[in-house]
Amino acid sequence: MSTLQRLPHRLVHRSLYHDAFSLSRRLTVRQASRALLSTRSTSFNEPVRGLGGNFRVSTVFTALLVLGTGATALGLYQFYTSFTLWPTELRGDLRVGIKARNQGDFSLSERYLTRAYQTALSMAPSALSPDPYLKLSGIAAVLAEVAQKRKAKELLEDVWNKAAGSSLSGHGTPTDSWASYTPTDEERLRRVSIACKLAELSSDRDQDEEKWLVWAVEEVVRLAGFGVQHTNPTASSLQESPQSQLVLVELELPPWMRKDDLGAPLAALGNLYAKKGNIEYAVPLYLQGISLLLPPNMESISIEDRCEAAQLMCNLSEVMMHQPPTPEIRHQAEAWARKALAVIERAEKMPLPRKGWFSSSDEADVRGTCDQVLGVVLFNIGMLREMDSDRSAALALFDRSLKQCAKVGLDEGVLQAKEAIRRLGRPEERKTP
């Protein structure tokens, strides 16, 4: 009996490959074009007859030149008018750094973004208001994406420490400095995101990974103690102001910093303990994460949070089966797996959120986690049904899992479902002659 499958913490996206003409093909086309041009003696002022009347070649080239000049001017205008809500000292470096990153020149991008970060550090927090730490950590995040792993880790540790100074500063510390700055709840949640990223960068050292995740979980619990659990974890109570969103959207923050997810550190630490075999530590973390994402007696819960909760339920079901598979354990594991299935089915019936200026409501983005979890949870329930000798129900679930995994490109899930179907055999294949 193969073990139940847990959905990976990070979903792997397939790369898109583009076809290209060979060098010899390009040379052939280029030479043929020269031959064609050399046999034509059309004057630039000779009328060209075609649909709609006569046009002079010079008129066409003039129009194209005007259009090209206009497009260039618009691009330059957009470039020089970007980051206008940032302090003057930072605009130039941010413009060049972000543009170089988008063009794939990471060395140039790192140079300018480093200078922007150092400049921001030298400024008083009030000069970056409102939400100064969101801006400082935003610059650090995009810089970490283009820097080497070692430097990225040092940089994120540095910016994480900047908002911790209020509890460590002495009486002689200037009031308007990073050493004495007290972060808002939104900025504290940003530090949680940074700690989770630092745990990921420290995954080769279990003690460091656990240290960062433990702090992140403790901070989430402290935030929840201030009443966060009574509201949607991603609602306006923990979102940046519209002006801050407008400022930060120009940085094009990496995905790990764009979503404020209170359940993420609980899930990550639970996964770490499950990997180590510490089931007694993993289970309460999964349960706490589920309760944060799906508070009782609350209906206005986002699709994303429901899907994240379903993933935790799926993980909880799987980790329970690491214990001796007694009938009671199997019953509890199947109950959580079916609860995950019910949450996914509920999320699938919900309308997509209205698309706003700073967010995407594309179905693939909103329901992506649910689509991935669905194939896994169907397989897990099928495995549990097989363990209880309910072969027909198990086979039906494996069939559904196979189709769902194939739909979302979960290759490992496709292979596991095919193997399970082969192992059980189709009903018609089991009939005796």
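Helices themselves are DSSP runs of H or I, at least four residues, numbered from the N terminus.

Quick housekeeping: this is a predicted model, where local features need pLDDT of at least 70, side-chain atom pairs count only at pLDDT 80 or more, and totals for chains, interfaces and linings use all residues. Residues are numbered from 1 along each chain as its sequence is written, and side-chain values use heavy atoms, with hydrogens and water left out.

On to salt bridges, meaning a side-chain nitrogen of Lys or Arg within 4 Å of a carboxyl oxygen of Asp or Glu. The count comes to 17. One of them joins Lys151 and Glu110, 2.9 Å from N to O. Lys151 sits in helix 6 and Glu110 in helix 4, 41 residues apart.

Now, how far apart are Arg222 and Glu219 in helix 8? They're 3 residues apart, so about one helical turn separates them. Their closest N and O atoms are 2.9 Å apart. Glu219 is buried at 5% relative accessibility, while Arg222 is partly exposed at 38%; buried means under 20% relative accessible area, exposed over 50%, partly exposed in between, with a 1.4 Å probe and protein chains only.

Last one: Arg330, Glu334, Arg338, Arg385, Asp388 and Asp390 form a salt-bridge network.

Methods:
Helix = DSSP H or I, 4+ residues; strand = E, 2+ residues; numbered from the N terminus.
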